[in-house]
Structures are given as C-alpha cells and as structure tokens.
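Biologist: I want to learn how to read a model like this one. Can we take it feature by feature?

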Amino acid sequence: MKTTSKVKKPRIEINKEWCKGCAICVEFCPQSVLEMRDGIVHVRDLDACTACQLCEIRCPDFAIHVIDEDK
Amino acid sequence: MFDYEQYLRKSKMPLIWCAGCGDGIVMKAMLRAIHKLQIAKDDICMVSGIGCSSRLPGYLDFNTLHTTHGRAITFATGIKMVKPELHVIVITGDGDATAIGGNHFIHAARRNIDLTVILFNNHIYGMTGGQVSPTTPFTKHASTAPYGNIENPFDISGLAAAAGASFVARATAYNAIQLEKLIQKAIEKKGFSVVEAMTPCPTTYGRRNREGTGVDMLLYQKDNSVPVAKANKMDAEELQGKIVTGVLVDREKAECRQEYQNLLDHFSKEGEVDS
C-alpha cells in the first residue's frame, strides 16, 4: 500500500474472467475513463476517474470494482 | 466501500446471463438494499421459479430455493407461514410470475402475505428461446410472434395493485439507484410487496425487435422513463410506450401471517392450541 502520495487515486479492479464485454460501463462513465479492447473493458485514463462508481453500479457481471480509499 | 463478493457464491460465477442483460444490475441493486438494511445472510430466504432471472439465487450466499415454474410464490408462502422471522424474497420473471404462476401471484397479493417479490420484466421468455410472454408489448416480435404480437400485454404493477398488494413500485435497470431504494422500501414493508424491475434482454427480445445492444436498451429506458408524479398529469396517449417509475402503491392492510399469529396467540391463551 502506497502511503507517500498526497492525493489517493481511486483504483479500478477488473475481473477479466467475469467481464463479457457488454460495454455498459464504458457507455455510462461520465469521464470516459474506460474503453473496450479485445472484447473486454480496460482502463484508458485513470487520472480522469472521480470514483463515482456508475460503472460498478451498472456492470451486470460484477466485473468492475472501483476502490476509493477516501470514501 | 461496498463489497458485493461477500454475498456471492464465487464458485458459481461467472453469471450465466448474456452480455448486456440487465438482470445482474437488478441483482446488485438488491444486494445494496439488503446490505443497507443490515439483514444477516441467514435471515434471508430467497426463492425463485424458472427462467433467466430465477437463476439468480443460485449465485448468492443466502438460504436459497430454486423451485418449479411459476410456483416460487407458493413455496415462499409456505416458508413465510412456518418461519415468519425470515425475510422471504421471491425472484421471478414476467413469464414465471404472470403466465404459469399468474394465479399464485394475484392470490398472494390478495392475501397480502409478507413477501418481497422482485419481478424482472424483460418482455419475453429469454431462457427458453424468446417466446411471447404476457408482457410482450402489442405488435412486438417474439419467436412465437413472427409477425408481431397480436395480444395486449399485462400491466404487472397494475395487476398487483388491483389484486391487493401493500406495496407496488417500478424502476428500470438504467436507474439502478432508484431501483435499490425501492427494493429497500419493499423489503421493509410488512405485506405483499412487488418491485417490477424493467430489465433489457438484448439477445432474445432486442435482437428480434431491432432494439440494439444492452447499452441501447438501457438508453431507451433512460429516455422513456417518467416519474409517477409527472405521469399522473399526463394522458393515456402521452404515456404510450413510457415506463412509469416510482412507488405506485403504498398502503397499510391486514397482513396474512400476522393475522395467523394473532389466531395462534388467541387460542394458545385459551389452552386449545399448542403453538
């Protein structure tokens, strides 16, 4: 666990075994953090993530998890 | 941070549902609602019938019961009568609950027994090959309606309300936050509670009706949902094709299991019944 950074960035965990590539998370991310590649979701721009968790709430496959230590 | 995996039987994952199916979104909303209510896993009994949505309890670490087609509510009624301390939650679909199980559905509502029914309405029999269901909209296509559905659909929430349910609400998979809040209210309500969860089926319904992917179908829900307060000011023509969301019925009525308990208590005082 990093303790040096002043502002903790959210972490996005993707379960590649469970993702079916429906792209719901990509469509409903308000900050365009995510993208589809090779049929599954990947993080495109983590810096833009505000940890709103709209991707996680709408992922039907429990495949994306946003971890924000501050929340 | 909410960890869904504490409720999952991870050995059963991944979910059987197709890419873009909304059932998993409803499932997660339900788990958040259960978590907010701080109900212990062993205090929940989740009962389902047959169909896509009815596969749901198999993935969850509650007391779970996967029953026969259309009969989830009857099994749940039995469980509630003998184990009234349990939160009995029924997971069912539009075909399961309103076609083969239609009679059970309306009579459980009439009895007003304390069950929470989460009814996944995807307008079709998904698992068995896209046959027309009682909620397939008029003119829409299904494998058994290749020229378009010639029948009128049920309004499930209206049916539950007319049959006597204490609590009836409708929400979409798109608006998962609203869905979570309504499921929470439904579990808290003592009496027969129905949450009609509108969920996209891109594989057997969307494809036949050219409604696109799961994403497209969620966007349709977004653009066509109307809160109940606004819908009350609209006429039937304006409401055509719209999804009215929110709490539709919330009323106090005598609850079946409590009335049974009152009888038991009354007669056990007189020494006529050992309870």
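Biologist: Is E211(B) buried, exposed or partly exposed?

Modeller: Start with the scale. Buried means under 20% relative accessible area, exposed means over 50%, and partly exposed lies in between (1.4 Å probe, protein chains only). E211(B) has a relative accessible area of 22%, so it counts as partly exposed.

Biologist: What should I know about the model before going on?

Modeller: It is a predicted model, where local features need pLDDT of at least 70, side-chain atom pairs count only at pLDDT 80 or more, and totals for chains, interfaces and linings use all residues. Residues are numbered from 1 along each chain as its sequence is written, chains are lettered from A and ligands numbered from 1 in the order in which they are written, and side-chain values use heavy atoms, with hydrogens and water left out.

Biologist: Which side chain does E211(B) meet in a salt bridge?

Modeller: First the general idea. Side chains of opposite charge can pair when their charged atoms come close. A salt bridge here is a side-chain nitrogen of Lys or Arg within 4 Å of a carboxyl oxygen of Asp or Glu. E211(B) pairs with K140(B), at 3.1 Å from N to O. The two are 71 residues apart: K140(B) sits in the loop between β6 and α5 of chain B, and E211(B) in the loop between α7 and α8. K140(B) is partly exposed too, because its relative accessibility is 27%.

Biologist: What does K189(B) pair with?

Modeller: The side chain of K189(B) meets that of D250(B) at 2.7 Å, N to O. K189(B) lies in the loop between α6 and β8 of chain B, D250(B) in strand β10, 61 residues apart. K189(B) is buried, with a relative accessible area of 9%. D250(B) is partly exposed, at 48%. Salt bridges can also share partners: R32(B), K36(B) and E180(B) join into one network that way.

Biologist: How do I read a strand?

Modeller: Helices (H or I, at least four residues) and strands (E, at least two) are DSSP runs, numbered from the N terminus. In a regular strand the side chains alternate between the two faces of the sheet. Look at β7(B): F167(B), A169(B) and A171(B) point one way, while V168(B), R170(B) and T172(B) point the other. In β7(B), 6 of the 6 residues are buried, so the rest of the structure largely encloses this strand.

Biologist: Which strands pair with β7(B)?

Modeller: Two strands pair if DSSP finds at least two bridges between them. β7(B) and β8(B) run parallel over 6 bridges, and R170(B) has E196(B) as its bridge partner. β7(B) and β10(B) are antiparallel, over 4 bridges. There V168(B) stands opposite V249(B).

Biologist: What kind of unit do β7(B), α6(B) and β8(B) make?

Modeller: A right-handed β-α-β unit. Right-handed means that, with the strands pointing away from the viewer, the path from the first strand over the helix to the second runs clockwise.

Biologist: How do I check the length of a helix?

Modeller: The expected span is 1.5 Å times one less than the number of residues. The 13 residues of α6(B) should therefore span 18 Å, and the end C-alpha atoms are 18 Å apart, which agrees. α1(B) is mostly covered, with 12 of its 14 residues buried. Just after α1(B), Q38(B) takes a positive phi of about 55 degrees.

Biologist: How many residues does each chain bring to the contact between A and B?

Modeller: Contact means heavy atoms within 4.5 Å. Chain A brings 21 residues and chain B brings 27. Buried area is the accessible area (1.4 Å probe) that two parts lose on being put together, summed over both. Here the chains bury about 2100 Å², 70% of it on carbon and sulfur atoms. W18(A), I57(A) and F62(A) supply 35% of the area that chain A buries against chain B, more than any other three residues. The count of salt bridges between the two chains is 0.
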